Each structure stands twice: as structure tokens, then as C-alpha cells.
Amino acid sequence: MKQALHDMNPSIKFLVTTICMLTLAFFFNPWTPLICWVGVILLQLCFSSINWKKWFLFMIPFVIMSFGYFWTTIVFAEERTGAIVWSVFHYDITKAQLDHALSLSFRVLAFAGLSLLFAFTTDPTKFILSLMQQLKLSPKIAYSILVGYQFLPVMKEEFVHIQQAHRLRGAVRDRNVLVRLWNLRRILLPMLAGAVRKAERSAFAMEARGFTGEKRTEFYQVISVGKNDMILSSLFFLIIVAGCSSANWI
Amino acid sequence: MLAKWKLKEVVLMSLFSIVFGIIYLLFLHAGNIWAGFIGPIAYEWIFGIWFIVSIICMYIIRKPGAAVISETIAAAIEVLLGNAVGPRLILSGLIQGLGAEAVFAATGYKRFTLPILMLAGVGSSIFSFAYGYLLGGFSVFHPGYVLLMLGIRIASGAVIAGVGGKYVVDGLLATGSLRGYPIARAVKGDARA
């Protein structure tokens, strides 16, 4: 039970969460996204064993962001009709404005909830394999992404090495974060040159081992679709339907 | 679409997409916090950074699909690394890539001058803005505010993605590591002509 979301087929999970997000985009009342956000959290409480401490840490930037949406929508809103519900410094906030603002900020939270659900319960390798097996992603692309993904730790090391090399030659580390970001461009070029060489070498190696990139029907690691996926997908859609119809019963 | 590609070009595109996927993610986090203080317009200044990989890959590989596929992979990497906008990011990557691809397709994948690269950045800006307008619910904002956002995004796409992308690839070409890719052949061809 606690593993259901982790075991769900990644492609189906991807499609379902994307459909949920696209549906949410058409609703401008505060209740729909709020209900979906709560529903998604409940879903994770019941069917997943994720690290909730990490989840809260990841959620913090979104709360800040949703606050940003809240006040900009209030200040820059187009629709200023309806009863005045609140007055700050002679600035009147109407019902329509408040609804839109709440809706947009809850939407940010609902989107964040859905994407964290996906990110925390999906194994990257399985996701790529499933994209290839269920959604007919070209094996040429799928395997080259997997190759690249395996290079990530190597590139991280390389990044540190280049940084150290620069410092050895007297490049000073700036205090200002923005200047430091701008200086990253000096590291980018050697990293990319390294990436080009790695790409060439691994492509030769793959071809030497008989990789042609043709479509295939049999796989070493099979990612299947089962009953579990159907049940979870219907739960997702239940949440969305509940959220979308909320305007009628609240 | 990939039949005419060499495997090394596909792997190169994937690797670049991964490197830029990480950079995109850094900017996404920075942008998220920034946006919390000044609202959704915060992203517009730096939006061009998110189009750069499609222009870099197309400029190097020069084959149909290089822009849209690389941008989509970069978005997928952001999702795999556990980002925060979620799987829907893959869709936005696809749409941004299509914007750049449309410009290159219009030239018949033959011209890769600076103005074309900048136009590709603008194409991505316009496509991504239309998508953002729908999903971000920009329609609740005042039209003037929306136009301002669009204007900044177009400028950012042209400068950061177009000029920046060319700068990065030209630097890379000078290191000599791109020998054996269409861009090196094209430059040699120009020299001969």
C-alpha cells in the first residue's frame, strides 16, 4: 500500500499529473486548486513513503512564490468589479480581485504538490525506460539520455576540478552572488568541450557494441502497466472532478 | 526524424541538454524566490536562458529537430532531477523548442547567422508566452502589464538565447572540439568559398 505511488507506471503517472495540471488552468475560483492541493497531499500520505522533511523544504520556495502571485494579482488585476471586501491604505480590494488572487496562488501550490508527487515517487531510469516502452520514445534518444544521466556525477567532479584549476591560476572567488553566477561562464566552456568529447567516445562505444537505435519489441528491463495504475489514475481524476465541481456545492 | 542523425550527434545533444538542464534548474530556483518578491514578471528578464540549449544544439548539429528535441530533453532532465514545476515542464520545454524550431524551419535549416539565431530566441519567447498566458492565468492581469511582460521576454530571448547561444558555440568551436560536426564543416566550407 505504502509503495503504490512508487510502483505506478511512470509514463501513466506523467500523463495523469499533466492532465490534472492542464485542467486546473481553466479554473479561476480559489476552491478548485485548494481542493486539488489537499487531495494530492492526502494521496501521498496514503500511498507513498516519501521523506516529508524534504517535501516541506521543497515546498517553501513555492509558498514564497504563491505569495508573490497573490499580491501582484491584487495590484495588477484587470477586473475590479464586485463588492469591496477589504480596504488597505485607501486601496479597495474587491471580491473578484481577491478570488483571482487566491486562485492563482493556490494554483501555484497545487501545481507544486503535483510535481513534487511526481519527482519524489519516480525513479529517473525507470521513467526513461517506460517512456521508451509505453510512449514509443525513440531508443536512440532514450539510451543517449540514460548515458548522459550516468555522466552526471562525473560532470559534477569535473566542475569542481575546473573551479580548482581556475583558483590555482589565481582566479579570485567573488563575494557577490550575481558576479559569481556571471563568472560561471568561464567554467561552462571547458565543461561543454568535455561533454563533446564524452559524447563522441560513448557514441563510438555504443556503436562498437552493436547499438543501432532501431525500434525493438523486447527489453531487458520490462516496465509494465497493471491494475494498480488504473486505480491510482481514477483516484487522481476523482480529486480533479471534486475540485472542478466545487463551484457548485461550496 | 532521427534516421539521418549520427549517433554521436544524438548523444552530444543529450549531454548538452543535461548540462543545460542543470543550469536551467539553478535559474528556476533563483527565479522562484525572486518571483516571490516581485511577482511573475521576475522571470521575464532571465527567460532567454531557458531557450539557449535549443539554439546551441541547432547551431552545432543543423538538422531538423535539433532545437525542439534538445529543449524537451533539457526540460525532462529538470523533471528527473526533482524540480519543482513538475512534469508539466516537459510540455513547456517542447513548446519553447517548437518556437525556435519554427524559425529554423522557415529558413530551410540553411542559414545560421546571428539575426536568425536571435529570431529563434524570439520565436521561443512568443510560443512560451502564449503557453504561459494560458497556464499561468495571465489573463487576469491588466493588458498593459501583460504586454510589458511579453516585451521583456522577447528582448531576453533575443539577447540571452540568440546572442548568448552564438557566443557559447563560437567559443566552443575555437577549442576545436567540434571537429566532425556539421558546424565545423560549414565554417570550413565558408572559408573555401
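**Helix packing between and within chains A and B**

Helix α9(A) passes helix α7(B) in a right-handed crossing. The model is predicted. Chain A puts 59 residues into its contact with chain B, and chain B puts in 45. Helix α7(B) also packs against α3(B), with the two axes 9 Å apart.

**α9(A) against α7(B)**

- From α9(A), the contact uses A:L188, A:L189, A:L192 and A:A193.
- From α7(B), it uses B:V168, B:G171, B:L172 and B:T175.
- By class, this contact has 6 nonpolar and 2 polar residues, with no charged residues.

**The side of chain A that touches chain B**

- Chain A contributes 59 residues to the contact with chain B.
- Six helices of chain A each supply at least two residues of this side: α2 (10-24), α4 (52-76), α5 (95-121), α6 (124-134), α7 (139-168) and α9.
- The largest share comes from α9(A), with 15 residues.
- By class, this side of chain A divides into 39 nonpolar, 12 polar and 8 charged residues.

**α3(B) against α7(B)**

- Helix α3 of chain B covers residues 52-61.
- Helices α3(B) and α7(B) pack at an angle of about 45°, with their axes 9 Å apart.
- The two helices are therefore oblique to each other.
- Helix α3(B) passes α7(B) in a right-handed crossing.
- On α3(B), the contact residues are B:I52, B:I55, B:I56, B:Y59 and B:I60.
- On α7(B), they are B:I160, B:A161, B:G162, B:G164, B:G165, B:K166, B:V168 and B:V169.
- The contact residues of this pair divide into 9 nonpolar, 3 polar and 1 charged.
- B:V168 is among the α7(B) residues that meet α3(B), and B:V168 is also part of the contact with α9(A).

**Helix α4(B)**

- Helix α4 of chain B covers residues 66-80 and has 15 residues.
- At 1.5 Å a residue, α4(B) should span 21 Å, and its end C-alpha atoms are 21 Å apart, which agrees.
- Of the 15 residues of α4(B), 15 are buried, so this helix is largely enclosed by the rest of the structure.

Notes:
Residues numbered from 1 in each chain as written. Chains lettered and ligands numbered in written order. Predicted model: local features only at pLDDT ≥ 70, side-chain atom pairs only at ≥ 80, totals over all residues. Helix = DSSP H or I, 4+ residues; strand = E, 2+ residues; numbered from the N terminus. Expected span 1.5 Å × (residues − 1). Buried ≥ 20, exposed ≤ 12 C-beta atoms within 10 Å, placed from the backbone. Left-handed = near helix turned anticlockwise from the far one by under 90°. Contact = placed C-beta atoms within 7 Å. Nonpolar A, V, L, I, M, F, W, Y, C, P; charged D, E, K, R; others polar. Axes fitted to C-alpha atoms, helices over the stretch in contact; angles between N-to-C directions. Parallel < 35°, antiparallel > 145°, perpendicular 65-115°, else oblique.
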